[in-house]
Amino acid sequence: MASLGQILFWSIISIIIILAGAIALIIGFGISAFSMPQVNVDYNASSETLRCEAPRWFPQPTVVWASQVDQGANFSEVSNTSFELNSENVTMKVVSVLYNATINNTYSCMIENDIAKATGDIKVTESEIKRRSHLQLLNSKASLCVSSFFAISWALLPLAPYLMLK
């Protein structure tokens, strides 16, 4: 049976390891946030308009619209993007509107900062709307920090009962 001193010692060591992992995550990611965009048809508009919204981003990202049919087209003149500070005053909601969209075309709303790139695709036809989203981490240092933290945690977790009994 482990003594109270041993249990206390290994409990403190466990807390230090968890704190070190948390600090590594903060250093790796910095203060950052990213979320998946939702792209929808804006039925309140007078023309075919698409609306791309992502609830949380920090630092402020860039937003670019692309089209499968009009590859290489610059949509900056027919789109409008705004960044609204969320209630916690740290992250921002991203809202981008693309005007004059055409039917039977796939549009992509790409939101990107130094940490992540998120893309929301939408295809509007006469009979249906298809959507797809994906997220990619860009900062390899942050990815390495996260994977290292979880690897160390999972490696040490099974040892905890053994170490407490010694």
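**Strands and sheets in a predicted model**

Visitor: Which residue is the bridge partner of alanine 118 in β8?

Guide: In β8, alanine 118 has leucine 135 as its bridge partner. This is a predicted model, where local features need pLDDT of at least 70 and side-chain atom pairs count only at pLDDT 80 or more, while totals for chains, interfaces and linings use all residues. Residues are numbered from 1 along each chain as its sequence is written, and side-chain values use heavy atoms, leaving out hydrogens and water.

Visitor: What counts as a strand, and when do two of them pair?

Guide: Strands are DSSP runs of E with at least two residues, helices are runs of H or I with at least four, and both are numbered from the N terminus. Two strands pair if DSSP finds at least two bridges between them.

Visitor: How many bridges join β7 and β8?

Guide: β7 (residues 116-124) pairs with β8 over 9 bridges, in the antiparallel sense.

Visitor: Which sheet is that in?

Guide: An open antiparallel sheet of 4 strands, in the order β3-β6-β7-β8. Its edge strands are β3 (62-67) and β8 (129-137), each pairing on one side only.

Visitor: Switching topic: what is the order in the sheet with β1?

Guide: The order is β1-β2-β5-β4, again 4 strands in an open antiparallel sheet. β1 (38-41) and β4 are at the edges with a single partner strand each, so one side of each has no neighbour in the sheet.

Visitor: Which residue stands opposite leucine 85?

Guide: Methionine 92 in β5. β4 (residues 79-85) and β5 (residues 92-98) pair in the antiparallel sense over 7 bridges.

Visitor: What lies between those strands?

Guide: The hairpin has 6 residues there, and asparagine 89 takes a positive phi near 60 degrees.
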